[in-house]
Amino acid sequence: IQNLAVDVFGGKVTGEGEFAIADQSYAAHLTANGIDVAAVQSYAGTRMTGLENLDALAGRAKADVTFSSTGADAETFQAGGSMSVAQGAYGALPIDTLSASFGVQGRDLTIDYLSAQLPNHSSVGLEGKIVRGEMLDLAFYGGHFDLSLLANLDSRIDMQGFSDFKGTVHGSLANPEVAVDFSANHGKAFRQPFDSLVLKASGSLDHIAIDD
């Protein structure tokens with residue numbers, strides 16, 4: 001297949017590929033531009049179990065992806081590429097830009113990097129692996145993060161100031177172990193002012209211990 005061009009999800013996908021009838025193997029390279037992320041999530045959510053609530057991310061995306069496999073065997077599936085989203089949002093949280101590089105081997109996902117630039121020069125990032133769709137080995141970080149942005153995720157969070165943080169997430173997707181180092185300066189936490197705030201937290205999602 002050469003010079004493939006399809007208008008889909010409000011944007012365009014172009015590419016090329018090969019399919020071998022003898023062993024049902026295939027390989028392809030696709031590029032996408034101007035794709036409506038919300039439309040993709042809505043389509044996936046109606047057809048794939050477990051993705052019904054993935055309609056939080058919005059924006060226009062572009063991507064460059066290669067993939068290959070043999071037959072329907074998920075273990076032979078390989079993919080890799082990059083994507084970016086401009087002027088998007090996660091729910092009510094605005095995202096100036098988001099970019100990511102990733103690879104897939106069978107049911108293992110490697111995130112080389114996922115970086116988001118938010119308003120007021122805030123940034124957050126993520127890297128690591130998700131093994132067989134259920135075991136997490138991730139690291140995350142944030143720099144000059146505007147704490148007032150958290151109200152966009154939950155209106156009950158009343159915080160101001162700028163923070164830096166880093167942490168890890170390990171273990172099962174259902175209840176992973178989380179560890180985070182957090183610091184903030186010259187802000188307010190639920191209307192209480194602070195000059196500096198430093199804390200460490202660790203534990204599973206259902207039992208977090210905080211050391212101030």
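Buried here means under 20% relative accessible area, exposed means over 50%, and partly exposed is what falls in between (1.4 Å probe, protein chains only). This is a predicted model, where local features need pLDDT of at least 70, side-chain atom pairs count only at pLDDT 80 or more, and totals for chains, interfaces and linings use all residues. Residues are numbered from 1 along each chain as its sequence is written, and side-chain values use heavy atoms, with hydrogens and water left out.

**View 1. Ser 69 and its polar partner Thr 76.** Ser 69 sits in strand 4 (residues 57-70); strands are DSSP runs of E with at least two residues, numbered from the N terminus. With a relative accessible area of 5%, Ser 69 counts as buried. Its side chain makes a 2.8 Å polar contact with the side chain of Thr 76. A polar contact is a pair of N or O atoms within 3.5 Å; within protein, one must be able to donate a hydrogen and the other to accept it, and residues adjacent in sequence count only if both atoms are side-chain atoms. Setting aside neighbours within four places in sequence, Ser 69 also has Gln 24, Ser 25, Tyr 26 and Phe 77 among its contacts (heavy atoms within 4.5 Å). Phe 19 is 50 residues away along the chain, with 9.9 Å between its C-alpha atom and that of Ser 69.

**View 2. Ser 122 in strand 8.** Ser 122 belongs to the strand spanning residues 122-131, and its relative accessible area of 0% makes it buried. A polar atom of the Ser 122 side chain lies 3.1 Å from the backbone oxygen of His 144. Not counting residues up to four places away in sequence, Ser 122 touches a set of residues including Ala 116, Gln 117, Phe 145 and Leu 149.

**View 3. The hairpin of strand 1 and strand 2.** Strand 1 (residues 4-8) runs antiparallel to strand 2 (residues 11-20), joined by 5 bridges; two strands pair if DSSP finds at least two bridges between them. Look for Asp 7, whose bridge partner in strand 2 is Lys 12. There are 2 residues between the strands, and Phe 9 takes a positive phi near 50 degrees. Val 6, also in strand 1, is partly exposed at 36% relative accessibility.

**View 4. The hairpin of strand 2 and strand 3.** Strand 2 pairs with strand 3 (residues 25-36) in the antiparallel sense, over 9 bridges. Glu 16 stands opposite His 29 of strand 3. The hairpin has 4 residues between its strands, and Gln 24 in the turn has a positive phi of about 55 degrees.
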